[in-house]
Amino acid sequence: MVSAGDALVIRTVGMKRGTHARVNVLFKQTADDGPFTGVCRSTPLRADGPGLVARAPAALGGSLWRVEVSTEPTAERGEVGRIELSRVPGQAADPDWTRLPEPWNNALGFLCLESSDEAFRSRRVRTGFAGKVRLDVDLDDAASPLDASQRAAIEEVILRAVSLWATACGACRTEQLTVVHLDGRLLARRGLAEWLTKFGEGPTSPASDTAMRALDAELVSKLEPSMVLGAGKPDDATHAVKDLEPYEPLAPDGEALRRLCSLEVAGGDKPVLTNVRIALCAPKTMDERLRSSIQVTLRRGRTYCGDDPEIIACRADEHLTEYNVRDYRFFLGSPSVPPIGTGAIEVDLLHAMLHEMGHWIGLGHIEGGQSVMSAGLDRSRCIDPTTVAALIRGIASGDAQEGAGPSAFTLNSVRPGRTVDESSDRRRR
């Protein structure tokens, strides 16, 4: 995924001569959560040959591009080399195309939600993943120690994955995943952070119940700037339009948090304000249904899903997710940051993490369409309407697979009659 203008140059670097590769190129406008449009499909990509220039059908200064490269099954790891993407020389992108930093803007490529009728038909859901207000994340890099730039980058990837799932679930709780505690830092979604800044700069803390309800309403409008109502639908069948928002660090000893934590919020008519205050100020007293945790662990080989080199990542249980840094190297969203891992094949860590978080929130593998929850990277693309529909149905019915066993995300979709790691020792550690 890359942000560019109305044209993109694609080159191979280090690909072995004789390797047969083909490329699919798709694009859409930035700040658009709809599907991609194909520009060229199954176009031959030659080793160290002249670059391909893909042009969008319209002159869009802020296009978001998705480039998919496939090789023949006989190609050995390392033969493909790497793919180099660049803008057409002399062509600058529109500086006003987005309010998001480029890695966050690129993340929009993982949202393909246009015409998600299931989401628009759904009642508000407040159970399971839909009800989580605070997330605590533990990053374990003992198997592959990170330098400062890698740690900062992987934390941003984690936050982008969390924000993508929160954005996708318009039928979830308003204050869902507004607070994240990561590596000792307390962070809030941008809407909450902006509300806190205004609250901290305002007059003395309100005391009346009316003032508290007004604060709650202001917070809701920051977290969900607009709503879509469906004619003839149930009264609570509303769909929130949530922006993909970065998380911003909060000062634990700042005036805004001090004032918020000193509030006495009583009554059930201010639920968003009440839940956000507890998540920020008194997490140990939170209802467990409102709080969750996830552990991100780097592994040099064997995971709870096995030792097969096809395994990119593994959802071990409802908390632990593992990433195979022996057989893969993970791109962290910026070419200036060294990838994590020593494998020959490079994988976008955001893609793998988005898939693993899908398991964490209760989704199983979804085949068909473009679902990011496909079992194999070769078919996994984005959070599409099928994915959202499965998420909402699972949460609403209580069938989310939160307690399911280990599940592997593999390089290629498992073929009929073959299971991942079928030839290796499948004993769990």
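Guide: The largest cavity has a volume of about 40 Å³. This is a predicted model: local features need pLDDT of at least 70, side-chain atom pairs count only at pLDDT 80 or more, and totals for chains, interfaces and linings use all residues. Residues are numbered from 1 along each chain as its sequence is written, and side-chain values use heavy atoms, with hydrogens and water left out.

Visitor: What counts as a cavity, and how is a volume taken?

Guide: On a 1 Å grid over the protein atoms alone, a cavity is a set of points where a 1.4 Å probe fits but cannot get out. Points are joined across faces, edges and corners, and the volume is the space filled by probe spheres set on them.

Visitor: How many cavities of 30 Å³ or more?

Guide: The count comes to one.

Visitor: Which residues line the largest cavity?

Guide: A166, T174, Q176, T178, R189, L223 and K242. Lining residues have an atom within 4 Å of a point.

Visitor: How does that lining divide into nonpolar, polar and charged?

Guide: Two nonpolar, three polar and two charged. Here Ala, Val, Leu, Ile, Met, Phe, Trp, Tyr, Cys and Pro count as nonpolar, Asp, Glu, Lys and Arg as charged, and the others, Gly among them, as polar.

Visitor: Take Q176. Where is it?

Guide: Q176 sits in the loop between α3 (148–168) and β9 (179–182). Helices (H or I, at least four residues) and strands (E, at least two) are DSSP runs, numbered from the N terminus.

Visitor: Is Q176 buried or exposed?

Guide: Buried, because its relative accessible area is 1%. The cut-offs: buried is under 20%, exposed over 50%, partly exposed in between (1.4 Å probe, protein chains only).

Visitor: What does Q176 contact?

Guide: Beyond its neighbours within four places in sequence, Q176 is in contact with F129, A130, K132, A166, C169, R189 and K242. Contact means heavy atoms within 4.5 Å. A166, R189 and K242 also line the largest cavity.

Visitor: Switching topic. How many disulfides?

Guide: Four, taking a disulfide as a pair of cysteine sulfur atoms within 2.5 Å. Counting bonded cysteines along the chain, the pattern is 1-8, 2-3, 4-5, 6-7.

Visitor: Tell me about C112 and C382. How far apart are the sulfur atoms?

Guide: They are 2.4 Å apart. The link of C112 and C382 is left-handed, with -125 degrees about the S-S bond. The pair links distant parts of the chain, 270 residues apart: C112 is in the loop between α1 (102–107) and α2 (117–121), and C382 in the loop between α8 (349–360) and α9 (385–397). Both C112 and C382 are buried.

Visitor: What about C261 and C281: left-handed or right-handed?

Guide: The torsion about their S-S bond is about -85 degrees, so the disulfide is left-handed. C261 is in helix α6 (residues 255–262) and C281 in helix α7 (residues 271–281), 20 residues apart. C261 is partly exposed, at 31% relative accessible area. C281 is partly exposed too, at 25%.

Visitor: And C305 with C314?

Guide: Sulfur to sulfur, C305 and C314 are 2.1 Å apart. The torsion about that S-S bond is about 75 degrees, so this disulfide is right-handed. C305 and C314 are both buried.

Visitor: One more residue. Where is H319?

Guide: H319 is in the loop between β15 (311–315) and β16 (320–324). At 36% relative accessible area, H319 is partly exposed. Residues up to four places away aside, H319 touches S293, I294 and Q295.

Visitor: Overall, how many helices and strands?

Guide: Nine helices and 19 strands. Of the 429 residues, 52% count as buried.

Terms used
On a 1 Å grid over the protein atoms alone, a cavity is a set of points where a 1.4 Å probe fits but cannot get out, and a pocket is an open set with protein on both sides within 12 Å along at least five of seven lines; lining residues have an atom within 4 Å of a point.
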